[in-house]
Amino acid sequence: MTQTAGKLTPVLSANWDHDRSWTLETYRKGGGYRAVEKAWELNKEPGVLTNMVKDSGLRGRGGAGFPTGLKWSFLPPPDGGPRYLVVNADESEPGTCKDIPVMMANPHLLIEGMVICLMAIGGHHGFIYLRGEVVHVYRRLLAAVREAKEAGIIGKGVGPNGDYDIDITVHAGAGAYICGEETALLDSLEGFRGQPRLKPPFPAVAGLYARPTVVNNVESIASIPGIVLHGPDWFKSMGADTKNSSGHGIFSLSGHVKYPGQYEAPFGITMRELLDMAGGIRDGHELKFFAVGGSSAPLCTQDHLDMKLGYEEVMEAGSMLATRAIQIFDETVSVVRVISRWTDFYQHESCGKCTPCREGTYWMRQILHRFEAGQGREEDIDLLEEIARNINGRSFCALGDAAAAPVLSALELFREEFVDACSTPVAEQYPIAKSALFNEVGA
C-alpha cells in the first residue's frame, strides 16, 4: 500500500478480515453492541440520540446526502401508534457496491444501528428492504437477526428494564431499480407495484402503512453505533477539512485501476489520493474520465483529480458525490459506448409513471444505438442534448435526472466522439479486444 494508505479510516470495514466476521461472537469480541448498551442509558432523556446524530453532521450515505439526524427529527410527536424504520438496501445502480459488503461482512453493525435508531424515534419495528437477487446476503441477514433475537438484543421485552419490544424484518424485493427511491420502496414493501409517490406528505409524516417512517441507507444506519460510542466530535474529526461533509465513508473503485475495491476513507480525500491507494491506472494506460458518483452523476476528467470528495466540493466542480461508486475508464474506452450502456439500464428500469422519463430514456437509447453503429447524424447530437434537457428536472422522481446527467456531461466534455460516431462505428474506433481487461490475463 502506498503512503496515502494512512488516510484510510477503517470503521465500518474494521473487522471485514476477521475470521467469521459476520457472526455475533466475532462482532462482540470487537466491541459490538456496546453502543446499544450506552444508547439505552442515553435514551432516558428524550431527544439525546437524535441530537447526537445531528451534532455529528452525518449525512445520508444513499446518495442525496440529506442530514440524517434532521431527518429523524421530522417525525411528529408520538401519538400512540406505530412508527417505523426502513433501511434502504436496494443497491442496484451500475458501479454501486458498498452496502452489500457491509451487510455480508458485518450484518450485526447494521442491526445495532437499527436498534439505536428505533430507540431514538420511539419505534418498535424495523425493515431491511434488500434486492432479491443477492440471496447470499439475504440469508446472512436472516441468520444475524436470528442470532440477535436469541441473544436478547431484539425481540420482546429487551433493554435494561425489559420493557421494550424491537422486531426486525428482512424483506427481499423483486429487483427494480426504482425501488431505491424511498417512496417506491415503501409501496413495494406494502405489496404494491413499486412507483414513486407524490410528496408531500413525506415518509416522516405518512410513510409505511401511512405511519411516521424514517427511511435511511444501509451505510447511514451502520454509521450510528460509532457516533454513539465515540461521540459526535470523533465523527466530525474526519472530514473536518470539507465544507459540510463529516465523517468517514466507503468509496467503491472499479474499472481500469490496478486494485479495484472498497476504500473506507474520510470525506475530503482527493480523487488523486484514492487512485494512489488503488495503485493508479493500469500499466501502460492513462485516465480518460471517471464517474465519481456512479452512473447517475456527471462525468469528471483528469482536471478533477485534485477535487476534494465532499458533497459541496464535488457539486461545485460540476458533478455529484452521490453513492461514491467511482468508475474509472482509461483511453481505450469509448464514451459513446459507456453512455449507451448506462442509458440501456435507465430505459429498462424506468417505471413508466411519468412521460419525460418513460419516453425520453427510450429515445435517448435509440439515438445512442445509432451512434454506436456509426449511423448517427450530426443533428442527432443536438437532438440527444435536447431530449436529455427535457428529462432533467422534469421527471416525477430522480431517475430521470440520473439518466440525463451523464448524457449531458458526455456531450459537453467529449462532443467530438459523437461527431466521429456519425461516420465510424464505435467498435472500429475502440475494438473490444483492445479494451477488455480479461485479454491481459490470457482469458
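**Exercise 1. A residue in a helix**

In which helix does Ser188 lie? Determine also whether Ser188 is buried or exposed, and which residues Ser188 touches beyond its sequence neighbours.

*Solution.* The model is a predicted one.
- Step 1. Ser188 belongs to helix α8, which covers residues 182-189.
- Step 2. A residue is buried when its relative accessible area is under 20%. The relative accessibility of Ser188 is 16%, and Ser188 therefore counts as buried.
- Step 3. With residues up to four places away in sequence not counted, Ser188 touches Tyr129, His171, Cys179 and Gly194.

**Exercise 2. The buried face of α2**

Identify the buried residues of α2, state how they are placed around the helix axis, and name the elements against which they pack.

*Solution.* 
- Step 1. The buried residues of α2 are Ala35, Val36, Ala39 and Trp40.
- Step 2. Viewed down the axis of α2, these buried residues fall within an arc of 145°, so they line one face of the helix.
- Step 3. Their packing partners are the helices α3 (48-56), α6 and α11 (224-230), together with the strands β3 (155-158) and β4 (164-173).

**Exercise 3. A four-stranded sheet**

Give the strand order of the open sheet that contains β6, then describe how β6 pairs with β7 and with β9.

*Solution.* 
- Step 1. The open sheet has four strands in the order β7-β6-β9-β8, and its pairing is mixed.
- Step 2. Strands β7 and β8 (287-291) are the edge strands, since each pairs on one side only. The twist from one strand to the next averages 30°.
- Step 3. Strands of a sheet pair through backbone hydrogen bonds, in either a parallel or an antiparallel sense.
- Step 4. Strands β6 and β7 are antiparallel and share six bridges. They form a hairpin, with five residues between them. Phe251 stands opposite Tyr263 in β7.
- Step 5. Strand β6 (residues 248-255) pairs with strand β9 (residues 325-330) in the parallel sense over four bridges. In β9, Gln327 stands opposite Ser254, and Ile326 is the bridge partner of Leu253.
- Step 6. Six of the eight residues of β6 are buried, so this strand is largely enclosed by the rest of the structure.

**Exercise 4. An enclosed strand**

Determine how many residues of β5 are buried, which way their side chains point, and how β5 pairs with β1.

*Solution.* 
- Step 1. Strand β5 consists of residues 213-217; five of the five are buried, so the strand is largely enclosed by the rest of the structure.
- Step 2. Thr213, Val215 and Asn217 point one way from β5, while Val214 and Asn216 point the other way; all are buried.
- Step 3. Strand β1 (residues 84-89) and β5 pair in the parallel sense over five bridges. Asn88 stands opposite Asn217 in β5.

**Exercise 5. Two loop residues**

Locate Ile269 and Ser350, and describe the surroundings of Ile269 and of Ser350.

*Solution.* 
- Step 1. Ile269 is in the loop between β7 (261-266) and α13 (271-277). Its relative accessible area is 1%, and Ile269 is therefore buried.
- Step 2. Apart from neighbours within four places in sequence, Ile269 is in contact with Lys7, Phe251, Leu274, Met277, Met307, Lys308 and Leu309.
- Step 3. Ile269 and Gly239 are 30 residues apart in sequence, and their C-alpha atoms are 8.0 Å apart.
- Step 4. Ser350 is found in the loop between α15 and α16 (355-372). With a relative accessible area of 16%, Ser350 is buried.
- Step 5. Residues up to four places away in sequence not being counted, Ser350 touches Cys357, Arg358, Thr361 and Leu399.
- Step 6. Ser350 and Gly376 are 26 residues apart along the chain, and 24 Å separates their C-alpha atoms.

Notes
Residues numbered from 1 in each chain as written. Predicted model: local features only at pLDDT ≥ 70, side-chain atom pairs only at ≥ 80, totals over all residues. Heavy atoms only, no water. Buried < 20%, exposed > 50% of the residue type's maximum accessible area, 1.4 Å probe, protein only. Contact = heavy atoms within 4.5 Å. Arc of directions from axis to C-beta. Pairing = 2+ DSSP bridges. Axes fitted to C-alpha atoms, helices over the stretch in contact; angles between N-to-C directions.
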